[in-house]
There are 2 protein chains.
Amino acid sequence: MENLPAHFDSVFTVDCIIFGFDEGELKILLIERNEEPFKGWFALPGYFVEKTEAIESAAQRILYESTGLRGIYMEQFYTFGALGRHPQGRVITVAYYAMIRLTGQKDVKPVTDFAKQAVWVNVKDIPELAFDHSRIFRKGFEKIRNKISYQPIAFELLPEKFTLTQLQSLYEVILNKKLDKRNFRKKMLSYDILKELDEKQKGVSYRAAKLYKFDKRKFAKNFQKELSFSK
Amino acid sequence: MENLPAHFDSVFTVDCIIFGFDEGELKILLIERNEEPFKGWFALPGYFVEKTEAIESAAQRILYESTGLRGIYMEQFYTFGALGRHPQGRVITVAYYAMIRLTGQKDVKPVTDFAKQAVWVNVKDIPELAFDHSRIFRKGFEKIRNKISYQPIAFELLPEKFTLTQLQSLYEVILNKKLDKRNFRKKMLSYDILKELDEKQKGVSYRAAKLYKFDKRKFAKNFQKELSFSK
DNA sequence: AATATAAGGTGTATTTTTTACACTAAGCAA
DNA sequence: TTGCTTAGTGTAAAAAATACACCTTATATT
């Protein structure tokens, strides 16, 4: 613990797991580190929290600096504070996740030096990450897998207008299992939180599907009962 | 942020919600603060984390110092880091809860100066607490209320041997609603995680009930399916 | 124009789970 | 012996979850 960099006074950091859904694949954002330790490794977007910052704002700032993304609601899921997490001493890390919509601008780019680049990586292809970030990722992924079963968080990953098949395949990727089409639709529609639009999918070379939107109004009204997708 | 006490270097703390079940009442441990700010107020047991401590060990140490309790497994549930939580500056607090068995030695006593006394208080009678501890308590209580519906955490609050009626009334206190006796028993027994003992309750002035134990072995085997007590 | 292709969209029967509900049995005390 | 208090038990009805297959529609190809 001798000779630490200046920010080691604060000794705590925020790391973010940013989920995106693109072409049927669930991805997260990783940065390539441009600083020792673990220079050149991939890591979750994250950095040191300033001494007088609220954690939430730190999370926003740090996500912006490492990826260029702004104004994204993140949910805190765990705080990691074991000894030996960081080679230079005890570092406490508050971890957040967010699910975002990748429509159009899915190009991400760090705006500071500590990250060399930011990239979207399929959750099935995550390499070994810096520090204990692999563990943090697993814990966060487990969290959303669990949460999606009883809370409508999947919509945040989809474009505003989506088909039921897209919604189902997102559930399938997150839960990592096949769902029955008829049962999925029956159940999803029974929650009465979707709005059926008069529009159809465009640009597909087969029968176009109806488009739906998540309906916040209906959700607030009808969502006493919880979602459940066990099978 | 001028003139802060020495430990303000570290600016983070651990707070604990310790649940106990006693004579049909769900209680938590509070301490009376013996330090400014909020001297004389009740607060959750908690204190500053040292610079080179792991959070988990800090939580153990702090719980011991404020209440005399040792070796209690605590589960982290949220980290609070808004500005303005602490009148002297930004303080980040990692919050834990634990559920403990109050058999015999339920007397608690601080072993340092920052707490004047430690007391068990019924969750229905919690006064306004120091800092944002009322909020932390509500969040932790919500967490266990939620968790008890799908994980067998209630047993940790009961004596090793308990009756089904005791178990049910614990569920009722935590969930804050009446449950049907027959349905409760049917469902609880269907999980096959209890061991029926050859013993009966003693010292009651009415028909004595059978005693049961939580059976970790069976639990590990049979607990793919989750508990659920919605009604 | 006809055909092939690929996904969209739909219903029913069966099983499982949840719920509602009330009386007898046992033990102790007076 | 009687009264009091809690223990302990079963069934029918409703609701939810599951398993399962075919026709429809839009486009692309010949």
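Begin by selecting helix α2 of chain A, residues 133-147, whose 15 residues reach 21 Å from the first C-alpha to the last, close to the 21 Å expected at 1.5 Å a residue (the expected span being 1.5 Å times one less than the number of residues). Helices here are DSSP runs of H or I with at least four residues, strands are runs of E with at least two, and both are numbered from the N terminus.

This is a predicted model, in which local features need pLDDT of at least 70 and side-chain atom pairs count only at pLDDT 80 or more, while totals for chains, interfaces and linings use all residues. Residues are numbered from 1 along each chain as its sequence is written, and chains are lettered from A and ligands numbered from 1 in the order in which they are written.

Next, colour His133(A), Ile136(A), Phe137(A), Gly140(A) and Ile144(A), the buried residues of α2(A); buried means that 20 or more other C-beta atoms, placed from the backbone, lie within 10 Å of a residue's own, exposed that 12 or fewer do, and partly exposed is in between. Seen down the axis of α2(A), these buried residues fall within an arc of 100°, so they line one face of the helix (the arc is that of the directions from the helix axis to the C-beta atoms). On the face turned away from that buried side, select the exposed Arg138(A), Glu142(A) and Arg145(A).

What do the buried residues of α2(A) pack against? Show β1 (12-22), β3 (42-43), β5 (75-80), β6 (92-100) and α3 of chain A, which are their partners, where contact means C-beta atoms, placed from the backbone, within 7 Å.

Technical notes:
Two residues are in contact if their C-beta atoms, placed from the backbone, lie within 7 Å.
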